[in-house]
Amino acid sequence: MDVDAVVLDIDGVLVDVANSYRRAIVESVDRVYGRTVDDAAIQAFKDAGGFNNDWELTYAAALFVLARDAGYDADVTAFTDAIAETGGGLDAAEAVVRDAGYPAAFDRWDPERLRETFQALYLGADLYRDLEGSDPPFETRGYINDEPVLVDESTITALTERFAVGVLTGRPAAEATIALSRVGLSVPDAHRFTMDDWAEGKPHPRALLTLADRLDATRVAFAGDTLDDVRTAVNAAAADPDRTYHGIGVLTGGLTGEAGRRAFEDAGAAAVVETVNDLPDLLDP
């Protein structure tokens with residue numbers, strides 16, 4: 001695959017977030033409402049699209065739990081399928097609950113409390129105080145400390161020596177900085193997009209188009225662990241026919257094995273790799 005720039009997602013590509021971000025989603029809903037969804041449900045929300053922001057996924061999962069309490073009898077698969085059919089993301093989740101006739105679910109829905117709980121669980125007390133500028137709702141160690149590195153140092157070296165490298169992530173900027181420091185990848189601020197840098201989120205192509213401009217690239221590979229990552233590259237190719245964009249699915253996030261490979265291919269992936277460490281052999285400068 002002939003490219004001159006590589007753009008990397010962070011979560012599920014450079015670091016494993018199964019026991020950090022995804023765990024925080026499940027446990028935030030449980031702490032606030034005394035019931036929650038499981039790991040498979042989290043992936044179903046991701047696959048529905050529009051949940052690049054894990055806070056919003058937490059809000060949607062909580063809304064599902066509250067709708068069930070109000071009498072909604074569909075399971076999480078039907079709920080997330082309906083979200084996908086309605087356009088994906090939190091707005092679609094709200095519309096599904098309203099259209100199903102369960103407005104009572106919104107009476108107890110508290111996104112701000114969910115966000116505070118999520119951040120306390122993920123960051124831990126000390127980092128919460130530093131980044132949120134207030135005391136956490138409870139004292140914890142923080143799941144951010146439980147993120148194994150997925151990328152080898154040799155892979156970072158090979159990619160940065162051969163290609164212009166950028167980062168496109170749904171993390172807030174401060175949390176992206178922590179992860180990038182942990183894996184040993186340094187990129188200029190202009191060559192990364194975080195949650196704080198754009199409102200649209202994946203799979204909207206604006207961030208990837210902007211990175212292609214800033215990296216002075218004509219052939220871009222974007223590696224991510226979700227269907228929305230691949231869709232971002234597909235949408236960028238449609239919006240910018242003067243450049244080539246390759247979406248590469250990485251099987252170290254929620255999508256794994258042959259089922260994950262097929263899902264990526266169905267979404268338009270140009271290639272699927274087992275880990276980010278396979279990229280140097282896949283890509284030609």
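## Basis

Helix axes are lines fitted to C-alpha atoms over the stretch in contact, and angles run from 0 to 180 degrees between N-to-C directions. Helices are DSSP runs (H or I, at least four residues), numbered from the N terminus.

This is a predicted model: local features need pLDDT of at least 70, side-chain atom pairs count only at pLDDT 80 or more, and totals for chains, interfaces and linings use all residues. Residues are numbered from 1 along each chain as its sequence is written, and side-chain values use heavy atoms, leaving out hydrogens and water.

## H3 against H5

H3 and helix H5 (residues 89-100) pack at about 10°, with axes 9 Å apart. That makes H3 roughly parallel to H5 (angles under 35 degrees).

Contact means heavy atoms within 4.5 Å. H3 contributes Glu-56, Tyr-59, Ala-60, Leu-63 and Ala-67; H5 contributes Leu-90, Ala-93, Glu-94 and Val-97.

## H3 against H6

Helix H3 (residues 54-70) meets helix H6 (residues 111-123) at an angle of about 125°, with their axes 10 Å apart.

On the H3 side, the contact is made by Asp-54, Trp-55, Thr-58, Tyr-59 and Ala-62. On the H6 side are Pro-111, Leu-114, Arg-115, Phe-118 and Gln-119.

## Asp-110

Asp-110 lies in the loop between H5 and H6. Its relative accessibility is 32%, so Asp-110 counts as partly exposed (between buried, under 20%, and exposed, over 50%; 1.4 Å probe, protein chains only).

Asp-110 and Arg-22 are 88 residues apart in sequence. Their C-alpha atoms are 19 Å apart in space.

Note on methods:
Helix = DSSP H or I, 4+ residues; strand = E, 2+ residues; numbered from the N terminus. Parallel < 35°, antiparallel > 145°, perpendicular 65-115°, else oblique.
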